[in-house]
There are 2 protein chains.
Amino acid sequence: MNPHEYAAAHAPRFLDQLKELLRIPSVSTLPERAGDVRRAAEWVAADLRRIGMQTVEIIPTPGHPVVYGEWLGAGLSAPTMLIYGHYDVQPAALEDGWTSDPFEPVERDGRLVARGASDDKGQVFAQIKAAEALLAAGGAPVNLKFLIEGEEEIGTPHLGAVLAAQRERLRADMCVISDTGMHTPEQPTIVYGLRGMAYMEIEVWGPKHDLHSGGYGGIVYNPAQALAEIVAALHDAEGRVAVPGFYDDVLPLSEAERAELARSAPTEAQWAQETGVTRFWGEPGYALHERVGARPTLEVNGLSGGFAGAGAKTVLPARALAKISCRLVANQTPSRVYQQVREYVARLTPAAVRSEVRLIAQAYPALTRLDSPAMEAACAAYERGWERRPVFERGGGTLPVVADLQRELGLPVVLMGFGLRSDGAHGPDEGYRIDMFYRGIRTAICLSQIVGQMGRAGLSG
Amino acid sequence: MNPHEYAAAHAPRFLDQLKELLRIPSVSTLPERAGDVRRAAEWVAADLRRIGMQTVEIIPTPGHPVVYGEWLGAGLSAPTMLIYGHYDVQPAALEDGWTSDPFEPVERDGRLVARGASDDKGQVFAQIKAAEALLAAGGAPVNLKFLIEGEEEIGTPHLGAVLAAQRERLRADMCVISDTGMHTPEQPTIVYGLRGMAYMEIEVWGPKHDLHSGGYGGIVYNPAQALAEIVAALHDAEGRVAVPGFYDDVLPLSEAERAELARSAPTEAQWAQETGVTRFWGEPGYALHERVGARPTLEVNGLSGGFAGAGAKTVLPARALAKISCRLVANQTPSRVYQQVREYVARLTPAAVRSEVRLIAQAYPALTRLDSPAMEAACAAYERGWERRPVFERGGGTLPVVADLQRELGLPVVLMGFGLRSDGAHGPDEGYRIDMFYRGIRTAICLSQIVGQMGRAGLSG
């Protein structure tokens, strides 16, 4: 029995097992769910043991544990594939708009509806079941290492330390992540770039305490006004980020890459439908999908200061605060951008007030070369398993783990999503198309087979 | 016995009566104190009857009542003086930092310490006791009308309707208000101008709901950024209000008036001490005290929009809001300034977002001519009663009642304060210097005598 036959024969059981995992409410952000998160880790570890992984370990962290499983039966000369995923989920409750209990999976219209069905229990479980099929059919052609964390939904705070501590053990030739979505079920998508982040606070101070705006307005520089002036100067009139040097480190888009990105780009009507906006804006010279995915941006995430209640309060506020975040692309670094924003804000700050820029969170951008062998292997796997060549996208968002894996372990990371954008990740009635679960298993089996054929030399070429 | 002798003879009783009034916690903003506010109105009405006012009435309003008292014994040919004050007070509690119960007056270091001692029970009671002394000494040389409201500390919401309804009855030749403070006990101050107000909200909308800043940042015009750009454009680089036409209606300061104002102007060191600010700002060509009192200004009272908590939330907010207020001077009108701001903001709003400017509160500016006979009478009264010629000030704040009295009744209004700036109005340990209470009574008696001598013809001249 070859692995595909095995997978087909055990398909109903695979689905039942996924339902078992989905019944565990492993909501990582809720302290009262810590026991359930632990239970999900143990369930995943037990399944990895059951399918024949040689070493399985629950690695503790200061938060929720990481599940590690290893099968090295392909031998030292064979390539090694590291598969990352997460077993934790977002919160969910009936009153959020769910049609049924989010932790009691039900099949409806060909979808398995439950929190985590797509993000990411269903997708990572497709990878595990592919490994089961390979091992049951006589062994995988590649060494397999699973790294499945329990804190993705709270920002992956502890995985970096695990990567650093386990660097030797995690050595591999490529890394695969199945935690993204396609626009349509027929057209697979590989996200080959994700943006990094420098999240900052700009605070402006003026008088020693809030003042009466009648008694002092017009002579004391108003910190809220100064903040507005600073924020207004962060972009030029055409939509470029005006922070000096901001674009210096940006890797330009090649014409080939632009053409590739254009193939999967949403239409303006789609953007309009998602946002309710009809007139768009941004950096001149770039299409909308390029601005979102391939160019760095600076957004105001929040403004506060003074009186924000109903009615009138005649206060001249002593301070005002803006939250801003820069999304970064290769080869920008968060610390350099933070430094550039700091210097620019210092220059913009009127002498009559004081200001400070604080770095709140940071993440490196991630980019996998389109012409890398790992990427070729992923394309071939989709062509065989999904029966369609994938399109390539750059994601506007940030998954810090991708850059961490690239930087800490020096691996090419391929984001092979088996989900759909419309799965409803993080929302009510999240679900996963059952046929996509099975196609994911098939495609993951193909990937191991193709990478095995390429060999280590082919992968590093 | 002349009125001054009468006042001197009854001084201890006057003080005891004031203490009685101060024991009534007539906090107008607290619903549970409505009974006490009513009790204070009745106490004031009873005292007006006791001193010989011919007609005393408690005029109901949808909120707290207005006390009206009238003595017309001087005859039709004599001038009539309308005296405005308020019997309600700000909240006060021991835990706010009071040394003793705020509603149990105590004498300490020559001060009577209690909530309302200066603002305004003590000052309006000095006016009532002056009337008592005049009537007891054979009748006042002027007709007297008292209008004492119970809602000053909550913004005088219902007095306008009373003024309109009682316009005939409230006819007078001048109006006096004792509800302001001097810088020092020796130097009386007349506030002859108060600023008006147009308090507005600017709201900017963009997408139909909050968006993920990674997924849509850089193509959707951020409402918080648009708001910052609008707010930043409300002033020019030198500190002038940039709203077109904003200064058009402003009555310019004469050289004489500037010289008069300079006499009582605080030093820059005093401004710095009060605000904690060392570098000042504002409209070029005007001194600090002129910017605050005699020039219109525009302040940002609050900014809000998006995420303002601790940490990072990567949201592109759907809307953002600024609270702004313009302080107006004669002869600006709130509705015209609102219109100017609306038009300017509409012009500044980028096409990719929508905005609205809403008028939240408004008040007219008030200005009494320095060379008016009423003002001359007040000066002469201070010279005789306080033994010092007053200096003149323009207040930066807003007392809507002053403009209402000027506009609704067509009266010259003179703000003859008998308090001190350091009395602690609205704060803990509010107090009133007992010697200033008595000097206030003396000065108020002098005012009636002087106005009586001037006659109606002299007053209108």
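Two strands are said to pair if DSSP finds at least two bridges between them. Helices (H or I, at least four residues) and strands (E, at least two) are DSSP runs, numbered from the N terminus.

## Basis of the model

This is a predicted model, in which local features need pLDDT of at least 70 and side-chain atom pairs count only at pLDDT 80 or more, while totals for chains, interfaces and linings use all residues. Residues are numbered from 1 along each chain as its sequence is written, and chains are lettered from A and ligands numbered from 1 in the order in which they are written.

## The three-stranded sheet of chain B

In chain B, three strands form an open sheet in the order 4-5-20, with antiparallel pairing. Strand 4 (106–108) and strand 20 (431–433) of chain B are the edge strands, each pairing on one side only. Direction ignored, neighbouring strands of this sheet are turned by 30° against each other on average; axes are lines fitted to C-alpha atoms, for helices over the stretch in contact, and angles run from 0 to 180 degrees between N-to-C directions.

Strand 4 of chain B is joined to strand 5 (residues 111–113) of chain B by three bridges, and the two run antiparallel. Within this pair, B:Glu107 stands opposite B:Leu112 of strand 5. Helix 14 of chain B packs on the sheet and touches strand 4, strand 5 and strand 20 of chain B. The direction of helix 14 makes about 65° with that of strand 20 of chain B. Here and below, two residues are in contact if their C-beta atoms, placed from the backbone, lie within 7 Å.

## Helix 14 and helix 4 of chain B

Helix 14 (residues 434–460) of chain B also meets helix 4 (residues 121–136) of chain B: their axes come within 8 Å and cross at roughly 50°. The two helices are therefore oblique to each other; angles under 35 degrees count as roughly parallel, over 145 as roughly antiparallel, 65 to 115 as roughly perpendicular and the rest as oblique. Their crossing is right-handed, the term for a near helix turned clockwise from the far one by less than a right angle, with anticlockwise giving left-handed.

Helix 4 of chain B contributes residues including B:Gly122, B:Ala126, B:Ala130 and B:Leu134 to this contact, and helix 14 of chain B contributes, among others, B:Phe437, B:Ile441 and B:Ile445. The residues of the contact divide into eight nonpolar, five polar and one charged. In this classification Ala, Val, Leu, Ile, Met, Phe, Trp, Tyr, Cys and Pro count as nonpolar, Asp, Glu, Lys and Arg as charged, and the others, Gly among them, as polar.

## A hairpin in chain B

Strand 1 (residues 55–59) and strand 2 (residues 66–71) of chain B run antiparallel and are joined by five bridges. They form a hairpin with six residues between them. B:Ile58 stands opposite B:Val67 in strand 2 of chain B.

## Sheet and helices of chain A

Chain A has an open sheet of three strands in the order 4-5-20, with antiparallel pairing. Strand 4 (106–108) and strand 20 (431–433) of chain A each have a single partner strand, so one side of each is left without a neighbour in the sheet. A:Glu107 has A:Leu112 of strand 5 of chain A as its bridge partner. Helix 14 (residues 434–460) of chain A packs on the sheet, touching strand 4, strand 5 and strand 20 of chain A.

Helix 2 (residues 11–22) and helix 4 (residues 121–136) of chain A have axes that come within 11 Å and cross at roughly 135°. These helices are therefore oblique to each other, and their crossing is right-handed. A:Phe14, A:Leu18, A:Leu21 and A:Leu22 in helix 2 of chain A meet A:Lys121, A:Gly122, A:Phe125 and A:Lys129 in helix 4 of chain A. By class, the residues of this contact are five nonpolar, one polar and two charged.

## Domains of chain A

Chain A is divided into domain 1 (3–194 + 365–460) and domain 2 (196–253 + 289–363), with bounds that come from an automatic or database domain assignment. The centres of the two domains, taken over C-alpha atoms, are separated by 38 Å. Their contact takes 10 residues from domain 1 and 11 residues from domain 2 of chain A. On the domain 1 side, strand 17 (391–395) and helix 13 (400–409) of chain A are the elements that give two or more residues. Strand 17 gives the most, with three residues.

## Where the chains meet

The contact between the chains takes 67 residues from chain A and 67 residues from chain B. Strand 12 (residues 297–306) of chain A supplies nine residues, the largest share of the side of chain A that touches chain B. That side has 31 nonpolar, 25 polar and 11 charged residues. Five bridges join strand 12 of chain A to strand 12 (residues 297–306) of chain B, and the two strands run antiparallel. A:Gly306 stands opposite B:Gly302 in strand 12 of chain B.
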